[in-house]
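Reader: I'd like to go through this one with you. Please keep it brisk.

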Amino acid sequence: MNLAWPLTLGALLFSIGVYGVLARRNAVLVLMSIELMLNAVNVNLVAFSTWIRETIAIGQIFALFVITIAAAEVGIGLAIVLLIFRNRETINIDEIDLLKW
Amino acid sequence: MTEHAYLIPILPLAAFFLIIAFGKRLPLKGPEIGIVAVSISFIMSVGIIAKFVGAHGAEHAREISTRWFPFGSGAHLQIGMKIDGLTAVMFIVVTTVSLLVQIYSIGYMKGEVRYTWFFAALSLFTGSMLTLVIANNLLMMLIGWELVGICSYLLIGHYWEEKANSNAAIKAFITTKTGDVPFLIGIFVLFAGTHTFNINAIYHKVAVGDVSHATLTAAAILLFGGAIGKSGQFPLHVWLPDAMAGPTPVSALIHAATMVTAGVFLVARLFPVFAASPEALNEVALIGAFTMLFAALIAMVQDDIKRVLAYSTVSQLAYMMAALGVGAREAAVFHLFTHAFFKALLFLGAGSVIHAAHSNSMRDMGGLRKLMPTTYATFLIATLALSGIPPFAGFWSKDEILTEAFRAGQHGPTHIVGYIVYVFGAITAFLTAFYMMRAFQMTFMGKYRGEAHPHESPRVMTGPLVILGALSVVAGFVGIPGLKSGFGSWLALGEHEVESANYLLIVVSVLLAGGGLVLGSRVYRTYAEVDPLERLGWFHKVLVNKFYIDEFYMAAIVRPIRDRVSRATLWINQNVLDGAVNGAAAVAKISGDGLYDQLDQKVVDGAINGIGITARATGGVLKYLQSGDVQKYAAYLFAGIVILAVLFTRFA
């Protein structure tokens, strides 16, 4: 298998995620972009795991952990966003600057 | 008993503190502590003197001492006791009189101000005098000596609310201090000669001739300066009559029986030093001879009963000094011993009279014989004892002094001095009898001239009078001439030789005393308003004014010092010393102000403020980075990662 294809896919996914995190105003979309970045990492982990033909599949196990963490993170993140919306009637990230000087 | 003699001075000293601490809470308000303490001291004193009676004193003498604290190179100051016949006799005199005076004071001082304090001071005085007596070295003696002076000051000024009384106290203190300066120098001169303060060591050095004659003469004359001041000898006698401002028991204790005898005691204690220098002895004898006559003359015209007794004390102390001067140490101490009893009795009797008549002046008395029988009888005994009528105590001691003086005139190194002392002593004996009879007649005989309603004093006051009266009768018997183990042998420094009586001299002195009594009695029997002695004209005036000595001191010493020296000192103080102090303060203030303005305000505060301002400005700029925009933070984070990634690929 050519390693370049999955790595390219991972890099694209990660770049899209970075863009989403830095540029989107909607907090839900920012969270989704973080999921993209995590999944880009998962792609890399699985690809390298297969490429080096390891017998105990550490890369794949690690990917499973990341998926679990990502699920927990999204749960907490959406809860925070929901609460912010209830308090401030908005989820525009530019307007949520409570820690400003 | 002798080993624990140190308790004798310590008990009254402890009583002083106890009275001050607890006296006011006790039922009698203080006196009981002092009386118990001095009673124990008295019993111990009796135990000690018992060893010296009927034996050669020198054999029983003891000296115990211990190091106190070091000074100089290798020398040590001692604290210790020297117990010999002289100490034992002084113990008896001081404790007996102190005990009786304290008992008497319970009645006399009743209801007076500072009652408890008075008894505390009496205890302190007794303890100080006993310290002076027991001392085995000169510095310890000096401590007792000065403590006694302080107590005298405190007690004379007991009624300090009246200016005259506090002035009298100051006068007593300063006058005796005038004598204390040569005394102190004398101690150091003696130390320079003998390299010791220990009295026994001094005896030894003098005996073996280690010390030059000039040093001994200088030391003796300087030491005698202290004795002149303390014992009220001319020319420092002026304080003693004024000291009568104190309460009468104080006069009896301090100014008759004990403190003023300190001077006599000093000369007796250091007698070997004096004996080694005929010049010093002659000085002692001549000052004594002059003072005895001088004071007796003044005593003749005083109207204040206590002043008569005060001048009488000066005169009798001069007898003792003169006796020491002609080498009759035993006779002098014997007279000190007997005199203490009858003079204390006279003062306490006078106190009883004053208590009843509410006046010190004999012009306001008279006719008290019937009203105060006990006081009358005891005063009569004391008068006869002081006049020298046998068999009362004063006769034996005074006669011994006159006999010794006459003998010194015959056999002594300087004949003329012995004869001078004898002649002055004989005249004084006559005058003494005269002025005592005058005082007696004016006080007890004739008609009462005052306005009060006199009555006999309470038991607590007459009791001591009776005891002292008894002592005034019998105290002389211990020194009957020719007695083998009599008074003289208790004191003897070496072998005591028993002197036989000179009957011619005895007859002469008895005749003189009797003549004085008869003359005094005849002249004053009809006394009413005018003093018969006023017929003496200008001489009477001179005597009343005490030979103008006080006026002379006032004009020659006190006023120049007070008006010139003191003023000049004040001016120097105000202008020079205060100027310097104020100048220093002003300089300090100006430099301080300058430092504050320049250094503190500008440099120190500037640095602190500068740090603050800088931090604030930096923070003001940096705070804009904290925008609260999470995406910006993330952008910085990624930018940082990119930069690090580039750097790692380039350099790692």
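This is a predicted model: local features need pLDDT of at least 70, side-chain atom pairs count only at pLDDT 80 or more; totals for chains, interfaces and linings use all residues.

Reader: OK, at what angle do α5 and α6 of chain B cross?

Author: Helix α5(B), residues 115–134, and helix α6(B), residues 138–156, cross at roughly 155 degrees, and their axes come within 8 Å. Helices (H or I, at least four residues) and strands (E, at least two) are DSSP runs, numbered from the N terminus. Axes are lines fitted to C-alpha atoms, for helices over the stretch in contact, with angles from 0 to 180 degrees between N-to-C directions.

Reader: Parallel or antiparallel, then, for α5(B) and α6(B)?

Author: With that angle, α5(B) and α6(B) are therefore roughly antiparallel to each other. Their crossing is left-handed. That means the near helix is turned anticlockwise from the far one by less than a right angle; clockwise is right-handed.

Reader: Which residues make the contact?

Author: From α5(B), they include Trp117(B), Phe118(B), Phe125(B) and Met129(B). From α6(B), they include Met141(B), Trp145(B), Val148(B) and Leu155(B). Contact means heavy atoms within 4.5 Å. By class, the α5(B) contact with α6(B) has 17 nonpolar, 3 polar and no charged residues. Here Ala, Val, Leu, Ile, Met, Phe, Trp, Tyr, Cys and Pro count as nonpolar, Asp, Glu, Lys and Arg as charged, and the others, Gly among them, as polar.

Reader: What about α2(B) and α4(B)? How do their axes lie?

Author: The axes of α2(B), residues 31–52, and α4(B) come within 8 Å and cross at roughly 155 degrees. These two helices are therefore roughly antiparallel to each other. The α2(B) and α4(B) crossing is left-handed. By class, their contact has 15 nonpolar, 9 polar and no charged residues.

Reader: Name a few residues that meet there.

Author: On the α2(B) side, Val38(B), Ser41(B) and Phe42(B) are among them. On the α4(B) side, Phe91(B), Thr95(B) and Ser98(B) are among them.

Reader: Is Ser98(B) buried or exposed?

Author: Ser98(B) is buried, with a relative accessible area of 0%. Buried means under 20% relative accessible area, exposed over 50%, partly exposed in between (1.4 Å probe, protein chains only). Ser98(B) lies in α4(B), residues 85–108.

Reader: Which residues is Ser98(B) in contact with?

Author: Leaving aside neighbours within four places in sequence, Ser98(B) contacts Val38(B), Thr126(B) and Leu253(B). The side chains of Ser98(B) and Thr126(B) are also joined by a polar contact of 2.8 Å. A polar contact is a pair of N or O atoms within 3.5 Å; within protein, one must be able to donate a hydrogen and the other to accept it, and residues adjacent in sequence count only if both atoms are side-chain atoms.

Reader: And Ser41(B), buried or exposed?

Author: Ser41(B) is buried, with a relative accessible area of 0%. Ser41(B) sits in α2(B). Not counting residues up to four places away in sequence, Ser41(B) touches Leu7(B), Ile8(B), Leu11(B), Pro12(B) and Thr95(B).

Reader: One more pair. At what angle do α18(B) and α20(B) cross?

Author: Roughly 170 degrees, and the axes of α18(B) and α20(B), residues 415–444, come within 9 Å. They are therefore roughly antiparallel to each other. Phe379(B) and Leu380(B) are among the α18(B) residues that meet α20(B), where Met436(B) and Phe440(B) are among the partners. The residues of this α18(B) and α20(B) contact divide into 9 nonpolar, 4 polar and no charged.

Reader: New topic: loops. Where is Pro235(B)?

Author: In the loop between α9 (213–230) and α10 (239–242) of chain B. The peptide bond from Phe234(B) to Pro235(B) is cis, with omega near 5 degrees. The bond from Pro390(B) to Pro391(B) is cis, with omega near 5 degrees. Pro391(B) is in the loop between α18 (373–387) and α19 (393–411) of chain B.

Reader: What is phi of His358(B)?

Author: Near 55 degrees, a positive value in a residue other than glycine. His358(B) is exposed, with a relative accessible area of 65%. Its loop runs between α16 (329–357) and α17 (368–371) of chain B.

Reader: And over in chain A, what is phi of Ala57(A)?

Author: Ala57(A) has a positive phi, near 55 degrees. Ala57(A) lies in the loop between α2 (27–51) and α3 (58–88) of chain A.

Conventions: Residues are numbered from 1 along each chain as its sequence is written. Chains are lettered from A and ligands numbered from 1 in the order in which they are written. Side-chain values use heavy atoms; hydrogens and water are left out. Angles under 35 degrees count as roughly parallel, over 145 as roughly antiparallel, 65 to 115 as roughly perpendicular and the rest as oblique.
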